[in-house]
Amino acid sequence: MSASIPKLDNTMASTLAIRDVVKTYTMGAETIHALRGVTLDIDRNEYVAIMGPSGSGKSTLMNVIGCLDVPTSGTYSLEGEMVADKTESELADIRNRLIGFVFQTFNLIPRANILHNVELPLIYGGVSRAERRRLAEQALVRVGLQDRMTHKPNELSGGQRQRVAIARALVFNPSILLADEPTGNLDSKTGDEIMRMFDELHSSGQTIIVVTHEDYIAQHALRTIFLKDGMIETDRRQAKIQGLGAAG
Amino acid sequence: MRVLLDVNESFRIALSAIRANKARGVLTTLGIIIGIVAVITTMTAFNGMKNAFREGFSSIGSDVLYVSRMPWVIMNDFFLYRNRPPLELAEAERLELSLEGRAIVNPTMNTRRSIQFNAARMDGIPIIGTTEKQQAISSTVPQIGRFLMANDVRLRKRVAVIGVEIRDLLFSGANPINKKIRIGSYWYRVIGVMEKQGGTTFGGPNFDRQIYIPISSFVKSFGGARGTDVSIAVKAPSQEAVEDLEYELIGEMRKIRQLRPSEADNFTINKLDTLMGAFNQTMGIMILLGLIVTGIALFVGGIGVMNIMFVSVTERTREIGIRKAIGAKNFSILLQFLFESAIICLLGGMIGIVLATILTSVINANVMPASVSVPILAIAILLSLLVGVLAGFVPAYKGARLNPIEALRYE
């Protein structure tokens with residue numbers, strides 16, 4: 001049962017606490033030090049951009065935060081759960097309940113219609129059919145796609161697909177919305193729409209982490225963590241830039 | 001609850017995956033189709049033969065024991081039986097006396113003779129000397145005229161009851177009652193024609209092509225000469241009594257023949273089971289061959305399905321990554337692909353069933369009575385399901401074990 005995973009609990013200071021996380025890979029004879037000791041706290045309702053050049057370790061950090069990967073050493077706790085100790089199956093449960101992924105390439109299931117795509121996390125979470133339908137519709141209303149529910153992903157524009165992906169990420173009310181270059185496959189106008197949607201979600205209390213290498217995407221966030229060579233180079237908080245935030 | 005949802009989702013995914021690759025799915029199932037057609041036809045043919053056999057020997061009756069010199073089925077060791085003394089009519093009478101009121105005893109003798117009516121002639125027709133008690137032992141009755149009666153036997157009348165085929169061939173279908181036919185060199189009057197018994201597909205005697213005459217007349221006409229052996233039919237009062245009766249018969253016969261305890265029986269108790277045993281042994285070999293063909297077809301079919309499932313898993317590596325990222329466990333992925341291969345195989349099974357049903361009706365119309373039965377269909381379905389699960393397991397396991405990060409990166 002998934003009851004062992006705590007839901008949002010306001011008494012906890014940090015949603016996410018990373019301590020001295022090291023991640024090394026061996027590729028053939030070569031050892032790659034993707035993360036060389038990262039320590040990081042992210043609180044509830046933070047809006048964080050993770051930046052860095054390619055090879056800086058930002059993808060690895062994202063995988064660790066998203067519980068797709070476990071650190072080689074160091075600790076990572078998400079909502080008080082120590083991720084490093086978990087089995088594959090428990091990690092799947094954590095991803096299911098606590099993480100909402102948004103990918104650069106949308107990553108929808110092509111043969112399933114929009115509603116079914118959004119229902120998927122609920123199916124894997126064991127939610128009953130009626131409840132599933134209700135939550136999925138609610139999430140689709142949130143992204144403004146309630147009248148496209150029976151369409152297949154390939155019948156939608158890129159921006160619409162990304163909104164479906166956002167609905168899917170939000171449907172289980174996750175602790176973290178984790179986006180990886182969410183506008184990378186979109187034209188700038190559509191990208192702006194998506195980022196405005198992120199801003200709105202943040203205003204409504206959602207914790208958001210965006211991995212990007214685009215400055216203008218990072219400017220939407222209130223905190224930018226810059227990685228270089230597997231370590232945090234800078235971690236600064238910034239004021240919201242006028243004119244980007246309060247749209248819609 | 002959760003597993004049920006998984007099953008539901010797996011089913012849905014599997015169906016849409018198969019729909020997306022219809023031609024591939026159908027081609028993949030070819031081996032399964034052939035295997036299922038083979039298994040159904042083998043079993044149906046076996047059942048058909050078994051029924052034909054039962055029908056052919058139905059007049060023997062399963063509650064009747066036959067005391068004879070030789071076993072009906074001699075697999076080997078013919079020399080063990082060759083020197084046995086023939087059964088005599090007198091022994092039959094003594095047996096009848098000792099079993100009086102407990103079982104019906106009917107002695108028969110038989111030979112082969114040419115028969116003649118006007119210019120029509122048939123050679124090598126089985127002539128059976130019997131009594132009126134034949135009617136109590138066999139279920140068949142005359143379709144016209146009457147059967148032998150006690151008086152015919154007592155008075156050694158030269159009367160004959162003929163099989164329906166003899167009527168057709170010797171009399172060209174004309175009414176034979178009271179006509180005189182020549183059996184060997186004796187004239188006999190036809191008093192009845194037996195109803196059709198049929199069912200001679202598998203080497204049983206043709207009961208429609210024989211003639212019954214009183215056993216007393218038989219002795220007079222064709223002699224109690226050596227080699228004309230008596231066979232004694234003994235009908236048990238009920239099916240349950242057959243086993244006891246068999247022991248009793250052995251005891252009585254040993255008494256009649258005054259065998260010492262050290263001596264082996266020099267007679268045999270034959271029964272329908274003996275024939276069934278021999279039949280089953282022969283059929284066993286045929287079934288084995290059928291099953292080998294089936295096994296090979298299903299094996300090859302299973303390998304084909306496994307191959308296609310590897311392709312399917314590889315094609316959907318990215319989808320597996322997505323599903324895992326949003327919370328699918330390895331088990332869910334495993335189930336998804338197992339369902340897919342099981343459904344592909346079930347599909348093949350269904351097509352196989354349809355083809356086999358058509359084939360069976362062709363066999364039924366042209367070769368022998370055959371029909372597809374529910375248990376055979378159930379076996380066919382279970383078998384195709386089993387192949388699907390077995391063939392799908394390794395590819396499904398491979399898919400389930402994929403690392404989500406690598407799977408998501410897969411192009």
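Tutor: Begin with strand pairing. Two strands pair if DSSP finds at least two bridges between them. The model here is predicted. In chain A, six strands form an open sheet in the order β6-β7-β8-β3-β9-β10, with mixed pairing.

Student: Which strands of chain A stand at the edges of that sheet?

Tutor: β6 (99-102) and β10 (231-237) of chain A do. Each has a single partner strand, so one side of each lacks a neighbour in the sheet. From one strand to the next, the twist averages 20 degrees.

Student: In what sense do β7 and β8 of chain A pair?

Tutor: Strand β7 (residues 176-180) of chain A and strand β8 (residues 207-211) of chain A are parallel, over five bridges.

Student: How do side chains sit along a strand?

Tutor: In a regular strand the side chains alternate between the two faces of the sheet.

Student: Which strands does helix α1 of chain A lie across?

Tutor: Helix α1 (residues 58-65) of chain A lies across β3 (47-51), β7, β8 and β9 (223-228) of chain A. Its direction is about 140 degrees to β3(A).

Student: What is the strand order in the four-strand sheet of chain A?

Tutor: The order is β2-β1-β4-β5 (chain A). This sheet is open and its pairing is antiparallel. β2 (30-43) and β5 (81-82) of chain A stand at the edges. Each has a single partner strand, so one side of each is left without a neighbour in the sheet.

Student: How many bridges join β1 to β4 of chain A?

Tutor: Five bridges join strand β1 (residues 14-27) of chain A to β4(A), and the two run antiparallel. A:V22 stands opposite A:S73 in β4(A).

Student: What about the pairing of β4 and β5 in chain A?

Tutor: Strand β4 (residues 73-78) of chain A pairs with β5(A) in the antiparallel sense over two bridges. A:S77 stands opposite A:M82. A:L78 stands opposite A:E81.

Student: Which residue takes a positive phi in the hairpin of β4(A) and β5(A)?

Tutor: A:E79, with phi near 50 degrees. The hairpin has two residues between the strands.

Student: Now the whole chain. What does the radius of gyration say about chain A?

Tutor: Compare it with the value for a compact globule. For 248 residues that value is near 18 Å; chain A has 18 Å, which agrees. The C-alpha atoms of chain A fill a box of roughly 50 × 45 × 45 Å along the principal axes. The chain has seven helices and ten strands. Of its 248 residues, 48% count as buried. Among its contacts with a separation of 6 or more, 69% are between residues 24 or more positions apart.

Student: And what radius of gyration does chain B have?

Tutor: Chain B has 32 Å, whereas a compact globule of 411 residues would be near 22 Å. Its C-alpha box is roughly 100 × 55 × 40 Å along the principal axes. Now look at the domains. The assignment gives domain 1 (2-55 + 277-409) and domain 2 (63-270) of chain B. Their centres, taken over C-alpha atoms, are 53 Å apart.

Student: What are the other totals for chain B?

Tutor: Chain B has 15 helices and ten strands. Buried residues make up 41% of its 411 residues. Of its contacts between residues at least 6 apart in sequence, 82% join residues at least 24 apart.

Student: Is B:S217 buried or exposed?

Tutor: Count C-beta neighbours. A residue is buried if 20 or more other C-beta atoms lie within 10 Å of its own. B:S217 has 22 inside 10 Å, so it counts as buried. B:S217 is found in helix α9 (residues 215-222) of chain B. Beyond its neighbours within four places in sequence, B:S217 is in contact with B:R156, B:K157 and B:R158.

Student: How is the size of an interface given?

Tutor: Often as the accessible area lost when the parts come together. Here we count residues: 20 residues of chain A are in contact with 18 residues of chain B.

Student: Which element of chain A gives the most to that side?

Tutor: α2(A), with six residues. The elements giving two or more residues are α2 (88-98) and α3 (114-124) of chain A. The residues on this side of chain A divide into eight nonpolar, six polar and six charged.

How values were computed: Residues numbered from 1 in each chain as written. Chains lettered and ligands numbered in written order. Predicted model: local features only at pLDDT ≥ 70, side-chain atom pairs only at ≥ 80, totals over all residues. Rg over C-alpha atoms; globule rule 2.2 N^0.38 Å. Buried ≥ 20, exposed ≤ 12 C-beta atoms within 10 Å, placed from the backbone. Contact = placed C-beta atoms within 7 Å. Nonpolar A, V, L, I, M, F, W, Y, C, P; charged D, E, K, R; others polar. Axes fitted to C-alpha atoms, helices over the stretch in contact; angles between N-to-C directions. Domains from an automatic or database assignment.
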